Amino acid sequence: MPSFTIEPAVPADIPVLAYIAGSSFQSDRHTQMKMKGAKPYNHEEGMTGALTHWMDRPAKCTVLKVVDAESGAIAGWVCWAMSGYEAEPVVVTAVPAPDEPSQAEEAAVPEDPIERLEAMTNADMNNWYTKLTPPHKKVRFIASICVDPKFQSKGVGSMLITWGTSKADTEGGTAWVHASEAGRGMFAKMGFEPVGTLDVDLDLYSPAPADDGKKWGRYVFTYMQRQPRVANE
């Protein structure tokens with residue numbers, strides 16, 4: 001059986017981590033559709049910026065990698081963010097948060113359908129962040145988790161998830177995640193339970209049909225929360 005170690009990630013790892021992110025989401029319908037936009041979405045590029053942002057904030061975010069002991073290759077990674085451990089809460093965004101928008105900007109509806117989709121999903125994420133990350137409560141949450149397709153179904157994802165849930169259990173805090181369709185089953189196995197969903201008709205935002213000519217269909221994001229476990233459970 002493969003042998004893996006879990007270690008802190010460092011800035012020099014960012015290109016590899018971002019590449020893994022891009023590779024692991026290639027089959028995700030939501031990501032595929034965004035790549036069809038006027039400004040084609042590049043998940044690898046977006047995660048490069050996000051990883052840099054997270055690593056610059058070690059008091060709020062812990063970026064970890066799982067390394068294959070035999071080859072030395074990075075098999076997967078996670079960013080576990082924290083709230084309730086510091087004076088100010090963490091705000092989760094796919095990229096560093098921009099300046100606060102003006103009221104006119106908030107009221108504006110983007111013309112690009114992909115931008116409208118992102119505005120809607122970001123607003124939903126912010127709403128659930130407020131619900132699942134109450135002030136002055138210890139909360140750990142997964143900002144992002146990716147496993148290289150070559151190492152999937154080998155326990156890498158479980159290692160990355162368990163690192164954070166074990167700490168949450170010790171601290172008596174909750175953990176939560178904004179799960180993709182592919183990740184929902186794994187998180188359920190690790191004790192996360194659905195607390196909310198965002199059901200999106202992708203074809204309402206589609207700039208072009210899928211490569212096979214079929215409709216994109218519906219995509220369900222699932223917000224999942226895990227309560228702390230006591231030692232004898």
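**Notebook: aromatic pairs**

I looked up W176 and found it buried, with a relative accessible area of 1%; buried means under 20% relative accessible area with a 1.4 Å probe, protein chains only. The model is predicted, so I note that local features need pLDDT of at least 70 and side-chain atom pairs pLDDT 80 or more, while totals for chains, interfaces and linings use all residues. Residues are numbered from 1 along each chain as its sequence is written, and side-chain values use heavy atoms, without hydrogens and water.

Next I looked up ring pairs. Rings of Phe, Tyr and Trp (its six-membered ring) pair if their centres lie within 6.5 Å; planes under 30 degrees apart are stacked, over 60 edge-to-face, and the rest tilted. I have eight aromatic pairs by this rule.

I checked W54 and W77: the ring centres are 6.4 Å apart and the planes stand at 50 degrees, so this pair is tilted. W54 belongs to helix α3 (residues 43–55) and W77 to strand β3 (residues 74–83), so the pair ties together parts 23 residues apart in sequence. Helices (H or I, at least four residues) and strands (E, at least two) are DSSP runs, numbered from the N terminus. I noted W54 as buried at 5% relative accessibility, and W77 as buried at 0%.

Then I turned to Y129 and W176, an edge-to-face pair with 6.3 Å between centres and 65 degrees between planes. Y129 is in helix α5 (residues 113–132) and W176 in strand β5 (residues 174–179), so this pair ties together parts 47 residues apart in sequence. Y129 is buried, at 11% relative accessible area. I also found Y129, F141 and W176 in one aromatic cluster.

Definitions and conventions
Buried < 20%, exposed > 50% of the residue type's maximum accessible area, 1.4 Å probe, protein only.
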